[in-house]
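Here's a quick briefing on charged side-chain pairs. Have a look at the fold first, then read on.

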Amino acid sequence: MFVDPFADAPPPTRCGGMLVVPVHIIDLHASVWARARSARVHVDSTMIYRVGPTTGSPFFDLRQRIDRCWIDGVPVDPSAVAHEPVGGFADGVRVVRRRHSADSVHHLRVVYRLDKPMSDLSGAYPPRVSWTGPRLHWSFGMADLYAGRYLEMWFPSNLPFDQFRFTLNLHITGTPVHHTAITNGRAIVRAVNHWSIRFPSWFTTLSPLLEVHAADTVEVAAATVRLPISRRPVIVTAAKPVSRPEVLTAGIERISAVLAEQERRFGTFIGDAFTCFFHGAAGGMEYAHATTTSIAALPHEVIHSWFARGVMPATAADGWWDEAFTRYLELGEGPEPLDFRSDPIELCSRQPFQRTTSPLSYVAGSRVFRGIAALIGPGRLIEVMGEFFNVYRGATATTATLEAFLVRTTGEGALVDVFHRFVYGFDGAAPPSHRLSASSPALPPHPVVQVHSGNALWGNGAHPPGQFG
Ligand SMILES: [Zn+2]
């Protein structure tokens, strides 16, 4: 099946006199040298990309200070790929100040010293790269609720609509201390403190996990489990700092039980491994068939292997549905009809350059799924979300895609009103032109994207309890 990599990409957007256009990353490669003697980490990374169907100036993101830069082999000043407030978001994306033809292929090489990312570093488990003498500690530290907190923290990357492969060569030099790399990529140990890690082509900027620690500071355990539906062996790996009290064998049992339960409900688990790092902080964060988490947040983060990092939100503005449905499953509070006299709530802004998931996703979002369960039946909701997972497994989905899927699959037209008021935040009735029926084609019922000049709706307070990711 041909998948258009630009299907969920932001539309061409004017900014600073340029027409800013999306790219698809064909390949991303990075070599990282972590040198204990200088206590520095250096990166040399190349991104090969194809421009979309519109000629213009491509965007990408990288939240590190670039020292040297080449576009198609020609050295340029790093200001040629500076950040711009595209879509009205102040910290924006980097824009290549070149006019690239539609469908043309280019490569960008950047060299920089790896440092604390220029991102919103809030939250319980922020990104970290630091040395303690000869010991390196590097945590990717991704987050949904804070801007610029996916792969772009460390390497050139794209917004979540794009799926691309990434190869990371990591060398730690000048230290007698052995290190451990905990990752959801396929890691080949080339030598002591030298790994080649491949992240597969279905991953997005949200997916890759890496934790690097001195081997004598972490405890690691693994077991092979057989899941009930796929019958495939899955390697479950759990790790923690040696100072932490978690019992890894109990953690592996808990992970295996939740994986089995979710596979029975929703269908085949997406990975052939599950990787868990108990970080000792509050809450947790999901990665593709992986998590960094507390014991308390573990079930929530494992469920995300189906919704969030199995079928993946196409934009940050779509991140509400994976948190909302995961929270709905976790709380198990049952159906409750929505009250259409209550105020509209916006969970999805449809702003393509928004970089954060709505913090309302957990409470107001799970309430939406309780309302949908009241409309179609809780058992039917589980079935339909299982069908949704199996259709979009390993792919991205917008809010409009989910809405259209639910309406088509259930034939329940009132779902359009639910999304209109309690997801998009519109008052009044949904216009007749937005109606879908069971026989409608897969057209989104609302405009897919609207680019606003401001971002007044961004970061509207109230974070969820426990800082779940
Ligand atoms: Zn979550």
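Which side chain meets arginine 63 in a salt bridge? The partner is aspartate 61, at 2.8 Å from N to O. A salt bridge here is a side-chain nitrogen of Lys or Arg within 4 Å of a carboxyl oxygen of Asp or Glu, and searching the whole structure turns up 21 of them.

Before you dig in: this is a predicted model, where local features need pLDDT of at least 70, side-chain atom pairs count only at pLDDT 80 or more, and totals for chains, interfaces and linings use all residues. Residues are numbered from 1 along each chain as its sequence is written, and side-chain values use heavy atoms, leaving out hydrogens and water.

**The buried network**
- Asp61, Arg63, Glu152 and Arg355 are linked in a network of salt bridges.
- Arginine 63 is buried at 2% relative accessibility, and aspartate 61 is buried at 1% (buried is under 20% relative accessible area, exposed over 50%, partly exposed in between, with a 1.4 Å probe and protein chains only).
- Arginine 355 pairs with glutamate 152, their closest N and O atoms being 3.0 Å apart.
- That pair ties together parts 203 residues apart in sequence, because arginine 355 sits in the loop between helix H3 (319–331) and helix H4 (363–376), and glutamate 152 in the loop between strand E12 (135–139) and strand E13 (166–173).
- Helices (H or I, at least four residues) and strands (E, at least two) are DSSP runs, numbered from the N terminus.
- Arginine 355 is buried at 6%, and glutamate 152 is buried at 2%.

- Aspartate 44 bridges to arginine 109, with the closest N and O atoms 2.7 Å apart.
- Aspartate 44 is in strand E4 (residues 40–51) and arginine 109 in strand E10 (residues 105–113), so this pair ties together parts 65 residues apart in sequence.
- Aspartate 44 is partly exposed at 22% relative accessibility, and arginine 109 is partly exposed at 29%.
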